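Please read them with the structure open.

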Amino acid sequence: MEHPKKKGKNPIIDSIYTADPAPMVYGDRLWLYTTHDEDELVNDFYTMRDWRCFSTQDMVNWTDHGKIFSLDDIAWADDRAWAPQAVERGGRFYLYCPVHKTGGGMAIAVGVADHPAGPFRDIGAPLVDEGDWNDIDPTVFIDDDGQAYLYFGNPELRYVLLNEDMVSYNREVGVVKIPMTAESFAEGGHMTGTSYGEGPWFYKRNGLYYMVYAAFAPGKGHNEHLAYSTSLHPTGPWKYGGVLMTEEGGVFTNHPGIADFKGHSYLFYHTGELPGGSLFHRSVCVAEFTYNEDGSIDPIPKCSGVDAAE
Ligand code: FUB
């Protein structure tokens, strides 16, 4: 007799509000880093003070590792514990986190740990700090030749070349601004006139580089959808690929995180689906998808959960 497949459920976490999912596969587990929307809002705005970690071996049963890094651990920051991403290098774990600096502006902090579930320790100063509001939503990727890239930004997509220590970057190259053209990101309703909004997710598959991001359709009043661009080189030029997840059924923001795990490809995203959900009370979900033969990706529907990964 065939046993029914175990099925996971969306939202993945229902004990707290979580957003901005960032998966990392390490060992035999998928580690999921998220932000945390507090129940009680301050000034009716995003109220976010710490980062959370969850892990799974089968995409159905999740272990809650709790708070792994917080504004209390970053002496120079006072607000906005926003969308992070983690990476492992040489047995250490680096968590890149946008925060609001005491005194103004956004900057990118780095926490370092010896274990994927932390605790993470701040390096003591911002890694990227241009003195503006663009320095948010870092995405990190280490290429086959060992060069690590940190892309980030809203409304502009920018990058730095990380040094091998992963906590500093090549200052001669500096912060590079990607040309925000319609060819790269499609025409859209965000401040650059393109669809690119924020929340980039950078990775490589079969020699093709992917940039997945939250995007705005042309015109006003849209929620974010997810879109992607590709490039033959890690630093572009980028070519617009299409919509990855439509804005229907979402909240004002959405935020992509992509990982392959146990032979399956997953897109993590967020919605306002939990009871009490809103643009400031979001919840992390996951959908399985496949690539077309040419590497393109068709739009991925929001879903109620994924099958167990054996
Ligand atoms: O969660 C706070 C901000 O909203 C993130 O940094 C953005 O990507 C958007 O999700």
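1. Asp58 is buried, at 12% relative accessibility. This is a predicted model. Lys6 sits in the segment before strand E1 (17–26), while Asp58 sits in the loop between strands E3 (50–56) and E4 (62–70), so the bridge ties together parts that are 52 residues apart in sequence. Lys6 is partly exposed, with a relative accessible area of 45%.

2. How many salt bridges does a search of the whole structure find? The count is 13. In general terms, side chains of opposite charge can pair when their charged atoms come close.

3. Look next at Asp114 and Arg92. Their side chains meet in a salt bridge, at 3.4 Å from N to O. Asp114 belongs to the loop between strand E8 (106–113) and strand E9 (121–122), and Arg92 to strand E7 (residues 92–101). The pair links distant parts of the chain, 22 residues apart. Asp114 counts as exposed, at 52% relative accessibility. Arg92 is partly exposed, with a relative accessible area of 36%.

4. Arg158 and Glu130 form a salt bridge too, with the closest N and O atoms 2.8 Å apart. Arg158 lies in strand E12 (residues 158–162) and Glu130 in the loop between E9 and strand E10 (139–142), so this pair ties together parts that are 28 residues apart in sequence. Is Arg158 buried or exposed? Arg158 is buried, with a relative accessible area of 5%. Glu130 counts as partly exposed, at 30% relative accessibility.

5. Glu130, Asp132, Glu156 and Arg158 are linked in a network of salt bridges.

6. Now strand E14 (residues 196–205). E14 is mostly covered: eight of its ten residues are buried. E14 pairs with strand E15 (residues 208–215) in the antiparallel sense, over seven bridges. Tyr203 stands opposite Tyr210 in E15. The two strands form a hairpin with two residues between them. In the turn, Asn206 has a positive phi of about 50°.

7. The largest pocket has a volume of about 440 Å³. Its lining holds 20 residues, and Pro23, Val25, Phe141, Tyr203 and Ile258 lie nearest the centre. The elements that give two or more residues to this lining are E1, strand E6 (85–89), E10, E14 and strand E18 (257–261).

8. Which element gives the most to the lining of the largest pocket? It is E14, with five residues. By residue class, the lining of the largest pocket divides into 15 nonpolar, one polar and four charged.

9. The second largest pocket holds about 290 Å³ of space. It is lined by 21 residues, and the closest to its centre are Tyr46, Trp82, Asn154, Glu198 and Thr253. The lining of the second largest pocket divides into ten nonpolar, six polar and five charged residues.

How values were computed:
Residues numbered from 1 in each chain as written. Predicted model: local features only at pLDDT ≥ 70, side-chain atom pairs only at ≥ 80, totals over all residues. Heavy atoms only, no water. Buried < 20%, exposed > 50% of the residue type's maximum accessible area, 1.4 Å probe, protein only. Helix = DSSP H or I, 4+ residues; strand = E, 2+ residues; numbered from the N terminus. Pairing = 2+ DSSP bridges. Salt bridge = Lys/Arg side-chain N within 4 Å of Asp/Glu carboxyl O. 1 Å grid on protein atoms, 1.4 Å probe; cavity = no way out; pocket = protein on both sides within 12 Å on 5 of 7 lines; lining within 4 Å. Points joined across faces, edges and corners; volume = space filled by probe spheres on them. Nonpolar A, V, L, I, M, F, W, Y, C, P; charged D, E, K, R; others polar.
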